[in-house]
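Visitor: I'd like to learn how to read the surfaces in a model like this one. Can you walk me through it?

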Protein chains: 2
Amino acid sequence: MSEPALRRPRPGPIADDGDALRFCSTCAFSQACLSQGFDKSSLNDLHVLVEHVGPFHEGEHLFREGDDFTAIAAVRAGTVKTYVLDPSGQEQVLGFFLPGEVIGLNAIHHARYPCNAVALDTVMLCRFSFPKMALLATRLPGLQAQLFRLLSQDIGKAALLAGDYSSDQRMAAFLVSLSRRYAERGFSPSRFHLTMARTDMANYLRLAPETVSRVLRRFQDEGLVQVERRELEILDAARLAALARPVLRE
Amino acid sequence: MSEPALRRPRPGPIADDGDALRFCSTCAFSQACLSQGFDKSSLNDLHVLVEHVGPFHEGEHLFREGDDFTAIAAVRAGTVKTYVLDPSGQEQVLGFFLPGEVIGLNAIHHARYPCNAVALDTVMLCRFSFPKMALLATRLPGLQAQLFRLLSQDIGKAALLAGDYSSDQRMAAFLVSLSRRYAERGFSPSRFHLTMARTDMANYLRLAPETVSRVLRRFQDEGLVQVERRELEILDAARLAALARPVLRE
DNA sequence: CGTCTTATTGACTCCGTTCAATCAAGGTGG
DNA sequence: CCACCTTGATTGAACGGAGTCAATAAGACG
C-alpha cells in the first residue's frame, strides 16, 4: 500500500475552494473539519491518508475482535453492526453505525479492535490511518481537537441504554435516535428502512425479540408508527419523543 | 476555599531524579506517561499545568452538569461519584472514580460537563488544564497518544452494565471491579471500604436497594464475602470472579 | 411448490420491584 | 447517660413486566 508522503503545510490560504472539499462528502469527520475552518492545504494533508474501501456485502466482516488496529473509518454508505461474543458464545450487539458515523475509536486503547464489526447491507467506508492522522494532528491543532471531541463524544453514549427503562421507552428512544441520525445526513427523519433484523434490535435494546414485535405492534395500534416488514414510518414524532425523553435525557 | 497558587515552572531540567517523578504519584495519568518513557523535561512541562486541589468534603460537588469544562482531573484520594438527573429529577449514578482514575473526559466534546460529580468522602484532586495539555500534546506525541488512549479506554466502559445480567452477576462484577481497581493502586484487593451508600450501588447497578441488600446477604451466607456495614472482605475471589465473568467478558 | 429463515402471537413463569414494616447506628439536646 | 429523631440498611409479602416456551404465519429463495 504505497501512500504519498505527508506534504508540508503550505503557508497561506488557498485560492480555489471546490476541489479539496469534495474528498469525502458523507463523512462527518471531514465535514466537521471543514466547519472547524480548516484551510485547503490542511484538508489536502488529511486527504492523503484517506482510503476509500468497499463495498462490503451483507454479512461480511469489516474487522473482528482482536484484530490489529490501524485505522478508524467513517461509514459512507450502508449500516455497520458492532458486537461481541460473551464467554458462552452469546452475541451482544453494541451499536449500529449509519452513514457519516465513525467506527473504531474504542480500538485505540489496546491497539486492537475490542469488538466485531459486520455489514448489515452494502457498506462503503472511508478509512483513515490512525498513526498518520495522529502524526498530522501534532501539526494541526484543529485536527487534534476534532479527534479529542470525537472520542469524548462516544464516552457514555452507551450509558443511555444502561438505564432500567421500560421496553416502550427503549424502543421509542431507538427509533427517535435513528430518525435524528438519518435526518442529520439528509435522509428522511420520518420514513426509513430498518437495516437490522428484529433479533439485532432486540439484542441491542436488551429485550427479547418477541418483546420487540409486541412493542412495535402496539406502537402501530396506537398510531405512533407504521411498520411494514422493515419499512418504518413515524406517524407521531412528538408522542414518540415524549416516550423516549427519559432515555435520551432532554 | 483558598488554594495554593500555581507554582511557576522551574526552567531547565532538574538535577535530582526523584523530584519530578514524584509530582503525582497516585495519578494513573502521570504514571502512564512515565512508563511511556517520557524524559524528565517533558514531565516537567506536564508538571507546570498540574494543580493540586482539595480537599473536597463528603457531599461537596466538584462540578455540576452544564459547568464550563476547562480541566480534567485525576483522583488522588477519596471517591468521586458522577451522576445525572433525569427529566423527572431522578438521580442516575454513572460511575465511581477511585484514586488514580481520571474524571471529566466526557466533557471535552461539548466543552461542558455532561454530569455532576460529588465527593463521597474526603477527595483530593490533581487537575490538568485541558487546553494547555492539548497544546503540550502537539509537542509531545507520547502525551497525545496517552490522551487518545485514555479517551478510547472509556468508550464502551459503561456498556458492561448495559447487558441484561442477573442481580448476582452485576453485584459480583461490581465487587470484582472495585477489588481490581484498588489492587492496581496498591490497596488490598480483598478488604476494602465501600465508600458509597447502598442506594448508590443499587442505582449504579440498576437494581433496587433492597435487591442489593438481599444479594449481599446471600453472598455472605454462601461464603463469598463478609460484609459488616461498609467494610467488605472478599472470601472467595475465584467464585466471585466466575459469577462476574459474563459481565466482565473474560 | 416446498423448504428455510425470520417474524408474530399466545400462555405461562420468574426475577426483581414495590410497598411496608423493622432494625441498627449516629447525632443532638435534655 | 438516656430518650429522641433521623438516616440508612435489612427483611418480608405481593405484584407485575418482560422472558421463555411453543405454535403459527409470512416471506425469501431455490
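Predicted model: local features only at pLDDT ≥ 70, side-chain atom pairs only at ≥ 80, totals over all residues.

Visitor: How do the residues of the surface near DNA strand D divide by class?

Guide: That surface has six nonpolar, five polar and six charged residues. There are 17 residues around DNA strand D, and A:Ser166, A:Ala208, A:Thr211, B:Arg198 and B:Ser213 come nearest. Two or more residues each come from helix H9 (209–221) of chain A, and from helices H8 (198–205) and H9 (209–221) of chain B. H9(B) has the largest share, with six residues.

Visitor: Now the protein–protein side. How many residues of chain B are in contact with chain A?

Guide: 35 residues of chain B touch 35 residues of chain A. On chain B's side, the elements supplying at least two residues each include strand E5 (91–97), helix H4 (130–139) and helix H10 (237–248). The largest share, nine residues, is from H5(B). By class, this side of chain B holds 17 nonpolar, 10 polar and eight charged residues.

Visitor: And how do I read the relation between two copies?

Guide: In general, two copies of a chain are related by a rotation about an axis and a shift along it. Here, chain B superposes on chain A by a rotation of 180° with 0.0 Å of shift along the axis, at an RMSD of 0.1 Å. That's the relation of a two-fold axis.

Visitor: Why do the copies meet through the same surface?

Guide: Because 100% of the interface residues of chain B are also interface residues in chain A.

Terms used
Residues numbered from 1 in each chain as written. Chains lettered and ligands numbered in written order. Contact = placed C-beta atoms within 7 Å. Helix = DSSP H or I, 4+ residues; strand = E, 2+ residues; numbered from the N terminus. Nonpolar A, V, L, I, M, F, W, Y, C, P; charged D, E, K, R; others polar. Near = placed C-beta within 6 Å. Least-squares fit on C-alpha atoms with pLDDT ≥ 70 in both.
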